[in-house]
Amino acid sequence: MWQTQPVVEMAGRVLLPMRRKNLGSGYYAACAGLRAQSQALELIASNVANISTTAFRGQQPMFHSLLASAGHQLTDPLNHAINDFGVLEGSRTDLSAGNLERTGNSLDLAIEGKGFFAIQTHGETLYTRNGNFQVSPKGQLTTAAGDLVLGEQGLPISMPSGDISISPDGTISASGAVAGKLKVVEFVPGSVPVAAGNSYYSGPAAGLRPAPDSSIRQGMLESSNVNSVKAVVDMIAVQRHAEMLERAMTVFESNLDHIAANDLPKV
Amino acid sequence: MLRALYTAASGMSAQETNLDNVANNLANSSTTGFRKRRVQFEDMIYQNVVMPGAAATQQTTFAAGLQIGLGTRTATSEVVQLQGDFSATGNPLDLTIQGNGFFQVTLPSGETAYTRSGAFQVDANGNVVTADGNPLTPAITIPTGAASITIGLDGTVSVTTAGQTAAQQVGTIQLALFPNPGGLNSTGNNLFLATTASGDPVQGTPGGSEGLGTIEQGYLEQSNVDVVEEFVQMIAAQRSYEANSRVVEAADQMLQGLNQLGR
């Protein structure tokens with residue numbers, strides 16, 4: 001993961017010509033709008049690519065008006081009208097549930113409710129809805145990628161041999177002997193999961209709480225929550241919007257510059 | 001170049017893998033004791049354009065941030081352990097397991113392999129072997145001149161020979177149970193090998209409390225591939241592939257529009 005400059009900052013650079021009240025600032029407005037649309041398309045592409053990813057959570061683009069939040073004092077109504085375009089403010093993780101699909105494997109777990117499993121990777125605690133678990137050579141419960149699944153006390157779970165049954169509250173038992181209980185947490189309202197790839201999410205410890213309302217379904221896996229109809233409709237909207245902005249840029253570039261450069265001197 | 005192009009390409013290649021798996025499942029829809037596989041996908045890393053919680057100003061932070069995912073990749077394909085249908089054959093050495101256990105057989109290399117396909121036969125030496133000639137473990141030998149073979153729910157094999165009224169016990173079939181059968185290694189010929197993912201098997205006599213299951217004589221377990229479900233999966237894979245290719249098209253058109261600016 002790498003970090004680039006925040007959108008507002010980048011857009012701030014786009015706004016520079018506007019402060020000079022340059023007529024061509026509409027060109028930069030369309031340019032920033034086009035940039036936002038291309039980022040929105042990237043988000044949609046990521047959703048569509050993950051349509052079959054176990055327990056995937058789609059990302060929704062959020063647009064906002066640049067002027068409303070940037071705090072620039074624009075007194076000129078024309079300049080305001082030209083520059084009031086939308087930029088992509090951020091992405092919101094869609095936390096709605098996906099369908100549960102039956103697999104019949106005793107170590108495939110799905111969560112009904114808002115809960116997430118807690119896992120440990122490189123000394124960091126992350127959270128996942130993907131319950132495609134397995135047993136490591138050391139006998140501990142791990143994710144498909146081999147990261148430890150944590151129990152209620154935040155420690156790895158040693159799995160017993162034999163037929164494993166996992167109750168809706170996360171208690172793991174084999175032949176009646178209890179081996180541990182899965183840690184299931186949910187994000188408190190206002191706290192957002194940050195996607196870390198591999199179906200993992202991170203979140204601040206203060207933003208999490210136990211999830212007593214979530215129940216675990218053994219032998220099932222949750223499918224992706226991406227709605228393909230919505231994704232395709234969004235994509236068409238982005239495409240048309242981008243076309244419109246490209247048209248706008250052409251108009252600014254060809255017509256206005258042409259008038260300024262060729263026609264005005266002759267008046 | 002738009003990330004969307006590469007993201008969509010990863011989605012298309014994932015759906016190709018999905019279709020490959022559906023094809024193998026469908027091809028084995030009549031294979032005795034076959035266990036279908038299910039492909040699992042994972043999302044790739046995210047590019048944090050705006051980190052959630054980053055400072056927007058000195059006083060405020062971004063509530064959501066802007067995270068752009070870079071696509072999908074195939075993570076695992078696990079063996080699905082749903083029970084297949086039983087079909088009656090009447091053959092005394094056709095066995096099914098009503099439960100989660102596996103038959104154990106010894107390969108020519110001496111390794112133990114596991115199978116759900118209970119179509120056994122007797123070889124020239126009287127050993128109970130699979131259709132490929134791999135002997136059942138622990139070995140069970142049927143004496144020559146056996147008139148009938150009876151296998152109990154608990155795996156007890158008894159035979160009666162011509163001229164004798166009392167049945168003679170010749171051995172007990174043992175089954176193996178895995179903590180994570182989804183992680184077994186399919187080697188073809190209906191055989192599985194244990195892996196670190198599947199865990200070490202627990203061996204036991206059928207009918208116990210471990211969940212091994214009981215043995216039913218005269219039945220064969222059919223493939224657990226549900227043809228309807230596979231067709232649905234195939235259509236879903238095809239349409240997802242199309243949706244991803246539409247994204248490529250959309251990205252291409254946007255770039256094309258850009259390239260034509262100022263002409």
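Q: Into which domains is chain B divided?
A: In this predicted model, chain B has domain 1 (3-81 + 241-259) and domain 2 (86-221). The centres of domain 1 of chain B and domain 2 of chain B, taken over C-alpha atoms, are separated by 42 Å. Their contact takes 8 residues from domain 1 of chain B and 14 residues from domain 2 of chain B.

Q: Why is helix 1 of chain B called roughly antiparallel to helix 2 of chain B?
A: Helix 1 (residues 3-27) of chain B and helix 2 (residues 227-259) of chain B pack at an angle of about 160°, and their axes are 9 Å apart. Angles over 145 degrees count as roughly antiparallel, and therefore helix 1 of chain B is roughly antiparallel to helix 2 of chain B. Helix 1 of chain B passes helix 2 of chain B in a left-handed crossing.

Q: What makes the contact of helix 1 of chain B with helix 2 of chain B?
A: Helix 1 of chain B contributes residues including B:Ala4, B:Leu5 and B:Ala8, while those from helix 2 of chain B include B:Val227, B:Glu230 and B:Gln233. By class, the residues of this contact divide into 14 nonpolar, 8 polar and 1 charged.

Q: How many residues of chain A are in contact with chain B, and what counts as a contact?
A: Two residues are in contact if their C-beta atoms, placed from the backbone, lie within 7 Å. On that basis, 63 residues of chain A are in contact with 67 residues of chain B. Helix 5 of chain A gives the most to the side of chain A that touches chain B, with 13 residues. The residues of that side of chain A divide into 29 nonpolar, 27 polar and 7 charged.

Conventions
Residues numbered from 1 in each chain as written. Chains lettered and ligands numbered in written order. Predicted model: local features only at pLDDT ≥ 70, side-chain atom pairs only at ≥ 80, totals over all residues. Domains from an automatic or database assignment. Helix = DSSP H or I, 4+ residues; strand = E, 2+ residues; numbered from the N terminus. Nonpolar A, V, L, I, M, F, W, Y, C, P; charged D, E, K, R; others polar. Axes fitted to C-alpha atoms, helices over the stretch in contact; angles between N-to-C directions. Parallel < 35°, antiparallel > 145°, perpendicular 65-115°, else oblique. Left-handed = near helix turned anticlockwise from the far one by under 90°.
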